[in-house]
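Welcome, and please keep your viewer at hand. We will go from one selection to the next and look at what is there.

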Amino acid sequence: MLDFQLSASKELVKIPNIIFIVTGIYFALVAGLQEGSTYTAVGAVLCFVAAGLAFEKDWFITAPWRVATAVFCIAVLVTQIAVNATAVNTSSVVVASTIVNGAFFLLVLGVLLSAAKEMITREKPEDQEEEPESKKKKLTYEI
């Protein structure tokens, strides 16, 4: 049980998970203050689920969910940046919001690339089992 807790805490402190959690908190704050679209609340839930799915990497849906969540978050952030850019009254709040959304955009873009790489390079369990057999054969030929 202690081993599970240690591996779970290691998965939680990885950078993509931290970014998902911080983005989820940001979206929850924006939705709670009613400063953004209603999709920010959906984004918050998706981010928290994506961070939770990091504990179960062997599930089929984990990697695609994380990629889809990152794409959704990017779409929401780009929309918020576009709304800020077209604002008639440019105040310090609009400028600060644009900077924060831009920073989150870059962070979530990095998470998207990381999750997509993870999804593409994921080895099949069958491939992992075949490697030791080929090594055994190679060793027997060398003797």
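**First stop: a buried cysteine**

Select C73: at 0% relative accessibility it counts as buried, where buried means under 20% relative accessible area, exposed over 50% and partly exposed in between, with a 1.4 Å probe and protein chains only.

Before moving on, a note on the model. It is a predicted one, in which local features need pLDDT of at least 70 and side-chain atom pairs count only at pLDDT 80 or more, while totals for chains, interfaces and linings use all residues. Residues are numbered from 1 along each chain as its sequence is written, and side-chain values use heavy atoms, leaving out hydrogens and water.

**Colour by confidence**

Colour the model by pLDDT, the predictor's confidence in each residue from 0 to 100. The protein has a mean of 79, and 75% of its residues reach 70 or more. Confidence is lowest in helix α1 (residues 2–12), at a mean of 53, and highest in α2, at 90.

**Switch to cartoon**

The cartoon shows six helices and zero strands; both are DSSP runs numbered from the N terminus, helices being H or I with at least four residues and strands E with at least two. Of the 143 residues, 27% count as buried.

Now select α3, residues 39–52. This helix has 14 residues and reaches 20 Å from its first C-alpha to its last, close to the 20 Å expected at 1.5 Å a residue; the expected span is 1.5 Å times one less than the number of residues. T40, G43, A44, L46, C47, A50 and A51 are buried in α3.

**Into the core**

Next, display the largest nonpolar core, which has 20 residues. Such a core is a set of buried Ala, Val, Leu, Ile, Met, Phe, Trp, Tyr and Cys residues joined through side-chain atoms within 4.5 Å. F20, Y26, F27, L77 and V108 have the most contacts inside this core. The elements giving two or more residues to this core are α2, α3, α4 and α5 (92–120), and α4 gives the most, with six residues.

Centre on F27. Leaving aside neighbours within four places in sequence, F27 is in contact (heavy atoms within 4.5 Å) with T40, G43, A44, C47, C73, V76 and L77. Both cysteines from the first stop are on that list.

**Last stop: a buried arginine**

Is R66 buried or exposed? R66, which lies in helix α4 (residues 62–85), is buried, with a relative accessible area of 7%. What does its side chain reach? Look for the backbone oxygen of A50, at 2.8 Å. A polar contact of 2.9 Å also joins the side chains of R66 and N17. A polar contact is a pair of N or O atoms within 3.5 Å; within protein, one must be able to donate a hydrogen and the other to accept it, and residues adjacent in sequence count only if both atoms are side-chain atoms.

Finish on A51 in helix α3, buried at 5% relative accessibility. Not counting residues up to four places away in sequence, A51 touches N17, F20, I21 and R66.
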